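Colleague: Hello! I am new to this structure and would like to learn how to read it. Could you walk me through it, one feature at a time?

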Amino acid sequence: MQFQLSEQHQRFQDEVREFVRQEWSETGLGGVAGAGEDDDSEHEQVFKRKLAERGWLGIAIPEEYGGAGKRPLEQFLFVEEVTYWGAPHSYIGVGFVAPTLIRFGDEEQKRRFVPPLVRGEIEFCLGYSEADAGSDLAALQTRVVPDGDDLVISGTKMYTTNAHRVEYCWLAGRTDPSAPKHKGISLVIVPLDAPGVSIRPLHTAGGERTNQVFFDDVRVPKANLVGEMNRGWYYLAVALDFERFNGFPLGAARRMFDELVAYTRTAEQDGVALAGLDWVQETIGTLSARLNAAMTLKLQTVWMAERGEIPNTEASMLKVMASDLAQEVARAAATILGPQALVKAGQPGAVARGRFERALRGTVLQRFAGGSNEIMKNIIAQRGLGLPRD
Amino acid sequence: MDTTASVLTFSLSEEASLLRMSVRQLLADSGAQEAARRFWEDDRDFDRELWKELAAMGIAGMAAPEALGGVAAPWSQLALVSEELGVACAAVPFEMQSLALVLLGQLHCSSATADLARAAVAGERVVTAALNLPTVSEAVPPRLTPAQDGRLSGQLALVLEGAVADAVVAPVGTDGVAILVEGFEREHVASLGMNRLANLTMAGALPLQLWTGIGEHERRAQSLGALLYAARQSGMGEWLLGETTKYAAERVQFGRPIGSFQAIQHKLAEMHIALAAGRFLVRFAASRGDAGADVALDVARAKSFLDTAMWQASTEAHQIHGGVGFVLDHPLHLYFAQSRGAEAAFGAPRRHHREVGRALLKGDAYRPNVLIGG
């Protein structure tokens, strides 16, 4: 395995860093994957427009759809830099929806949705999970019924993070209840300002807000059906591969680790210098090895993308390691810093702006979101190692 | 204007691919794994037939510089050979001889030393080095004491390949090494996977040659040792995962292959993740080293990560195989043993973790967002 960045790419990293420092700085404690605090919302929007103006928001989207047409490697460098500094980007819309739409949507849809995504004018949320369909996503029940020139949607989606802040829902619904469950699903783009859509907030232990979204006979034009009716599960599988490949950057975990190292260098507890303790050194060294290991898995997916492949097993492997690691770093901070790590942001004696406290809560999500790690291991064993299904 | 492009690849170069395939073929054809079984009860010898074939292929001494009959093979190629030796669990002293030859290649050799090195390259002699690192502490292991007349005295414990080596590169004084071919007593020590181990006692032994002031070369040789044993672990892991997956797919209980149960699938998935990443860490460290970077920390990370992954992999492989894999008829026990021995060579995980942690905690320049390495 070889990885060496050209001077040009190193300068690109520096450029993104400068830009983020100037235009985003660090508000709140962004950097844990997912929606930021609600009060960041406007600042996020402004920042994303500026990214778009630089041609970075849709950096690897083809030029014909308004993107910068850069390579997966540039996208990787950009996302790692931006997430390291806790700044937002379009991780759902540009990261998973656009590449899937480009593969399976019709030209009219691509032109309708991709350029505005790339310009930061619209964003998507994912209408996948339901109360009774999480890991068993194919059991989803939200109905999509053709009616003349429309499709009528009824049902309820769960954990539809960001539904309250975005324009569209990328929705998986059932178009044929009589077919075997994987064969009766379709993908539909649903405007969230359509009549019949209502949103109920769900606040989580990690501090971010998600939603339950009710679709009460919501009408969308048939032109919003992505690809063929009843073939949605296959498009969804690709979208999920993109989610595992693009949705788990290591930037936030690496930033947290660097902050932990920086803090521990000079930290003392009751007159004892933490950096001199064997077990502290070992903890830091273990994490350093694991972060490097995770980065090799990430780089493998980038290399595959550069060759035009869509990583499946490899993306699942990355997701498991990245999500485990995020929690391990938070845990290490707690074991090294003790009670100080638990003090909330803004409170007396908070360290690193309460980053570790928030991460302890926030990283819990990553091991089950975006495809639980248990499902990932099933995929790795079955698709990767060829073992039979349970 | 920068005309160099970024490099990102997980493919082996054509040359490396060919090397790998030809070594793999040789090991399969020569029945290396089967031969390795002979030494389970008594490892005072090694697979000499295979070693001759590896020498004929130019592999046994490839690490030596051209002046000593080798090809100054880059670390990435040495690591690739070690990986393949790991896949077959081959009983040959490649790692220790390689690091001894690299070290000698850095030093000014007398014609006697050069002749010895060339004989080692030709597979006629075996040279090892008594430079293993303590696994747990940063203490300096005992070194030989030079007398006024240049004779050396002392005890070197648990020397890897010490039972079969014709020559030993031994640590002397504070920062010297010597090469010895005679004048010492050798006591074989049977162990779990620390190959062909011996305690060596020198009582006024006259070295073939003695050098002083070579501290940096010694450290680099130890780093190479760690890298090559990590590469062995990587190869052994490849075999373990493949073999265990195959077994799980074939073994039927409760009317279905045990590999269809999630508990088994998850163990194997976890093995796959850890071993893949570990393999990449070894290859990354090796290729960075060949490009001239200081890879002491990368090697420490690769070794510690793989040693940890292989504890998991080797124990779970036994767990999944059950009784079938525990009888001596099955080669699994060889890999378990060799993995323990490889971990004990050139620093166990906690020591390497500590070294990396210390280095990172000592740095005062905040280098933000280093993607990998660093």
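Colleague: Let me start with confidence. What is the mean pLDDT of chain A?

Modeller: Keep in mind that this is a predicted model. For chain A the mean pLDDT is 93, and 96% of its residues reach 70 or more. Chain B has a mean of 95, with 99% of its residues at 70 or more.

Colleague: Where does pLDDT stay under 50 in chain A?

Modeller: Look at residues 27–37 of chain A. The model still has 29 contacts beyond four places in sequence for that stretch. As for the complex, the predictor gives an ipTM of 0.94 and a pTM of 0.95.

Colleague: Now the interface, please. How much area do chain B and chain A bury between them?

Modeller: The general idea comes first: the size of an interface is often given as the accessible area lost when the parts come together. Here the two chains bury about 5200 Å², and 64% of that is on carbon and sulfur atoms. In chain B, the residues that lose the most area to chain A are L361(B), N369(B) and L371(B), which together make up 15% of what that side buries. In terms of contacts, 56 residues of chain B touch 61 residues of chain A.

Colleague: How many salt bridges are there between chain B and chain A?

Modeller: The count is three. R354(B) forms a salt bridge with E282(A), and their closest N and O atoms are 2.8 Å apart. Across the interface there are also 17 residue pairs in polar contact.

Colleague: Which element gives the largest share of the side of chain B that touches chain A?

Modeller: That is α8(B), with 15 residues. The residues on this side of chain B divide into 27 nonpolar, 18 polar and eleven charged.

Colleague: And how should I read the strands?

Modeller: Strands of a sheet pair through backbone hydrogen bonds, either parallel or antiparallel. Between the chains, β1 of chain A (residues 2–4) and β1(B) run antiparallel, joined by three bridges. There, Q4(A) has V7(B) as its bridge partner.

Colleague: What is the order of the open sheet of four strands in chain B?

Modeller: The order is β3-β4-β8-β7, with antiparallel pairing. β3 and β7 of chain B stand at the edges with a single partner strand each, so one side of each is left without a neighbour in the sheet. The partner of β7(B) is β8(B), residues 197–205, and six bridges link this antiparallel pair. To find the pair on screen, look for E185(B), which stands opposite T201(B) of β8(B).

How values were computed: Residues are numbered from 1 along each chain as its sequence is written. Chains are lettered from A and ligands numbered from 1 in the order in which they are written. This is a predicted model: local features need pLDDT of at least 70, side-chain atom pairs count only at pLDDT 80 or more; totals for chains, interfaces and linings use all residues. Side-chain values use heavy atoms; hydrogens and water are left out. Contact means heavy atoms within 4.5 Å. Buried area is the accessible area (1.4 Å probe) that two parts lose on being put together, summed over both. A salt bridge is a side-chain nitrogen of Lys or Arg within 4 Å of a carboxyl oxygen of Asp or Glu. A polar contact is a pair of N or O atoms within 3.5 Å; within protein, one must be able to donate a hydrogen and the other to accept it, and residues adjacent in sequence count only if both atoms are side-chain atoms. Helices (H or I, at least four residues) and strands (E, at least two) are DSSP runs, numbered from the N terminus. Ala, Val, Leu, Ile, Met, Phe, Trp, Tyr, Cys and Pro count as nonpolar, Asp, Glu, Lys and Arg as charged, and the others, Gly among them, as polar. Two strands pair if DSSP finds at least two bridges between them. pLDDT is the predictor's confidence in each residue, from 0 to 100.
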